[in-house]
Amino acid sequence: MSRWEPGARRRLEKAAFELFAEQGFAATTVPEITARAGLSTRTFHRYFADKREIVFGGEDVPAEAAQMLADAAPDDQPLDLIMNCLRTFAEARFEGRRDELRMRREIVSSDPGLRERDLQKRETVGKVVHDALIARGVSATQAALLAETSVTLLYVSVQEWLARDDDTPLADIIADALNTLRSTLA
């Protein structure tokens, strides 16, 4: 396989996940990943800072969330804005990837460092949502509550979606989870 063949990032991800499944995250090295993908470690580092970033999909999630929130109509109510963004995010980032995401969940749960990194990523996204809501004129308390709730809503919904064996779209599960939260708090 040519080193410069298109799809290097995807090849690295595929090789890494195969190795993580075979021998565990901690036991897998970057040279093993690149050898399996037929690429160099230099190519690996063009796409990923370290092997943990393969698991977490790079740093583009917070930027993507910030852009979605910034692009929303200025008159959108905060909760509608959050739900629209979660729906769009679910469709773009999750649908059609259930098996891959199940494998990712297993890998993250197997390693304390990855679990910590997962929490850091969730915190970063929450801060992005919080800051975007503040920029839209939402009060600090409401922004904090909505930001934390949106991250938790997505996390809980994804866990339920991954546990299911039906074709229910993640966006529907998110909406159901919000309705459950509303009725619980009522």
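## Exercises around helix 8

Apart from neighbours within four places in sequence, Val125 touches Val61, Pro62 and Val151, where contact means heavy atoms within 4.5 Å. The model is predicted: local features need pLDDT of at least 70, side-chain atom pairs count only at pLDDT 80 or more, and totals for chains, interfaces and linings use all residues. Residues are numbered from 1 along each chain as its sequence is written, and side-chain values use heavy atoms, leaving out hydrogens and water.

**Exercise 1.** Find the element that holds Val125, then work out what span its residues should give.

*Solution.* Start with the place: Val125 lies in helix 8. Helices here are DSSP runs (H or I, at least four residues; strands are E, at least two), numbered from the N terminus. Next, take the expected span, which is 1.5 Å times one less than the number of residues. The 24 residues of helix 8 (residues 112-135) should therefore span 34 Å, and the end C-alpha atoms, 35 Å apart, agree with that.

**Exercise 2.** Inspect both ends of helix 8: which residue caps the N-terminal end, and which residue with positive phi follows the helix?

*Solution.* At the N-terminal end, the cap is Asp111, with a side-chain oxygen 3.0 Å from the backbone nitrogen of Gly113. After the helix comes Gly137, whose phi is positive, near 95°.

**Exercise 3.** List buried residues of helix 8 and find what covers them.

*Solution.* Buried means under 20% relative accessible area, exposed over 50%, and partly exposed in between (1.4 Å probe, protein chains only). Among the buried residues are Leu114, Arg117, Asp118, Lys121, Val125 and Val129. Their cover includes helix 4 (51-56), helix 5 (60-71), helix 6 (78-93), helix 7 (98-109) and helix 9 (140-163). Now step across to helix 9, where Ser150 is placed. Is Ser150 buried or exposed? Ser150 is buried, because its relative accessible area is 5%. Beyond its neighbours within four places in sequence, Ser150 contacts Ile82, Leu86 and Val129.

**Exercise 4.** Count the aromatic pairs and classify the one between Phe20 and Phe25.

*Solution.* Rings of Phe, Tyr and Trp (its six-membered ring) pair if their centres lie within 6.5 Å; planes under 30 degrees apart are stacked, over 60 edge-to-face, and the rest tilted. The count is six aromatic pairs. Phe20 and Phe25 make a tilted pair, 5.0 Å centre to centre with 55° between the planes. Phe89 and Phe94 are edge-to-face, at 5.8 Å and 65°. Finally, ring pairs join Phe17, Phe20 and Phe25 into a cluster.

Terms used
A polar contact is a pair of N or O atoms within 3.5 Å; within protein, one must be able to donate a hydrogen and the other to accept it, and residues adjacent in sequence count only if both atoms are side-chain atoms.
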